[in-house]
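Student: I have not seen this structure before. Could you take me through it by question and answer?

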Amino acid sequence: LLNKIMGSRYLGDKKMGHGDFKCPKGAGIYRIDAVYTSDKNSKESSGIKGLKFFCRNVKTGEDVLIKDKNENLQDSITYGIEPSKTSTGNNKFASVECKIETGMDGNKRQSFISDVSAIAGNRINALKVHKCKYYTK
């Protein structure tokens, strides 16, 4: 479903900032930050105003750089307004992150965002991550 949300509909959309992106080979999305508004008293429609994606290496757990639409390497990719913990006005910040955990054997296990759904009309109103999945060799 994530591919559908970030699919060709946004490819080249100047407002969104980027076309599609992929984490580099051997990496996956582990964190998504968002800025949204849900104020029903506002003239502005409720929904997601910006999304920021982060990738990490499946074996090492280290953050990896992502190519933007101009082939420049960045630590994340943002669509729409840059999410910030200090969002102002009707804007609210939210973040979901899949953690690195230590297994009973003492080895670290990376987890990645999985099973994503959305509520959308003429824009994305809500995005839900249902679970994280662990990488195993």
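Student: Which hand does the link of Cys98 and Cys132 have?
Tutor: This is a predicted model, and every value comes from its atoms. Cys98 and Cys132 form a disulfide, with sulfur atoms 2.0 Å apart. The angle about their S-S bond is -85°, and the link is left-handed.

Student: How many residues apart in sequence are the parts that Cys98 and Cys132 tie together?
Tutor: Cys98 is in the loop between strand E7 (91-97) and strand E8 (101-102). Cys132 is in strand E11, residues 124-134. The pair therefore ties together parts whose separation in sequence is 34 residues.

Student: Is Cys132 buried, partly exposed or exposed?
Tutor: Buried means under 20% relative accessible area, and exposed means over 50%. Cys98, at 0%, counts as buried. Cys132 has a relative accessible area of 32%, so the label is partly exposed.

Student: Which cysteine does Cys23 join in a disulfide?
Tutor: Look for a sulfur 2.0 Å from that of Cys23. The link has -75° about the S-S bond and is left-handed. The partner is Cys55.

Student: Where do Cys23 and Cys55 lie, and how many residues apart are they?
Tutor: Cys23 is in the loop between helix H1 (2-5) and strand E1 (27-37). Cys55 is in strand E2. The pair links distant parts of the chain, and the separation is 32 residues.

Student: What is the relative accessible area of Cys55?
Tutor: The cut-off for buried is under 20%. Cys23 counts as buried at 16%. Cys55 is buried too, and its value is 1%.

Student: What is the pairing of the bonded cysteines, numbered in sequence order?
Tutor: The count comes to 2 disulfides. One joins Cys23 to Cys55. The other is formed by Cys98 and Cys132. In sequence order, the pairing is 1-2, 3-4.

Student: What kind of aromatic pair do Phe53 and Tyr79 form?
Tutor: The count of aromatic pairs is 1. The ring centres of Phe53 and Tyr79 are 6.0 Å apart, with 85° between the planes. Planes over 60 degrees apart get the name edge-to-face. So 85° makes the pair of Phe53 and Tyr79 edge-to-face.

Student: How many residues apart in sequence are the parts that Phe53 and Tyr79 tie together?
Tutor: Phe53 is buried, and Tyr79 is buried as well. Phe53 belongs to strand E2 (residues 47-57), and Tyr79 to strand E6 (residues 77-80). The parts they tie together are therefore separated in sequence by 26 residues.

Student: Which ring does the charged end of Arg109 sit over?
Tutor: There is an arginine over a ring elsewhere too: Arg56 lies over the face of Phe112, at 5.5 Å from the ring centre. For Arg109, the charged end is 4.1 Å from the centre of its ring. That ring belongs to Tyr134.

Student: What is phi of Glu71 near?
Tutor: Glu71 is in the loop between strand E4 (66-67) and strand E5 (73-74). Glu71 is exposed, at 53% relative accessible area. Its phi is positive, in a residue other than glycine, and is near 70°.

Student: Which strand does Asp115 lie in?
Tutor: Asp115 has a positive phi of about 55° although it is not a glycine. At 41% relative accessibility, Asp115 is partly exposed. Its residue range is 111-120, which is strand E10.

Student: How far apart in space are Gln74 and Phe54, C-alpha to C-alpha?
Tutor: Gln74 is in strand E5. Gln74 counts as partly exposed, at 26% relative accessibility. Gln74 and Phe54 are 20 residues apart in sequence, and in space 9.6 Å.

Student: How many helices and strands does the protein chain have?
Tutor: Read the elements from the N terminus: α-β-β-β-β-β-β-β-β-β-β-β. The secondary structure comes to 1 helix and 11 strands.

Student: What percentage of the residues counts as buried?
Tutor: The protein chain exposes about 8900 Å², with 49% supplied by carbon and sulfur atoms. The protein chain has 137 residues, and the buried share is 36%.

Definitions and conventions: Residues are numbered from 1 along each chain as its sequence is written. This is a predicted model: local features need pLDDT of at least 70, side-chain atom pairs count only at pLDDT 80 or more; totals for chains, interfaces and linings use all residues. Side-chain values use heavy atoms; hydrogens and water are left out. Helices (H or I, at least four residues) and strands (E, at least two) are DSSP runs, numbered from the N terminus. Buried means under 20% relative accessible area, exposed over 50%, partly exposed in between (1.4 Å probe, protein chains only). Accessible areas come from the Shrake-Rupley method with a 1.4 Å probe; for residues, only the protein chains shown count as cover. Rings of Phe, Tyr and Trp (its six-membered ring) pair if their centres lie within 6.5 Å; planes under 30 degrees apart count as stacked, over 60 as edge-to-face and the rest as tilted. A charge sits over a ring if NZ of Lys or CZ of Arg is within 6 Å of the ring centre and within 35 degrees of the ring normal. A disulfide is a pair of cysteine sulfur atoms within 2.5 Å.
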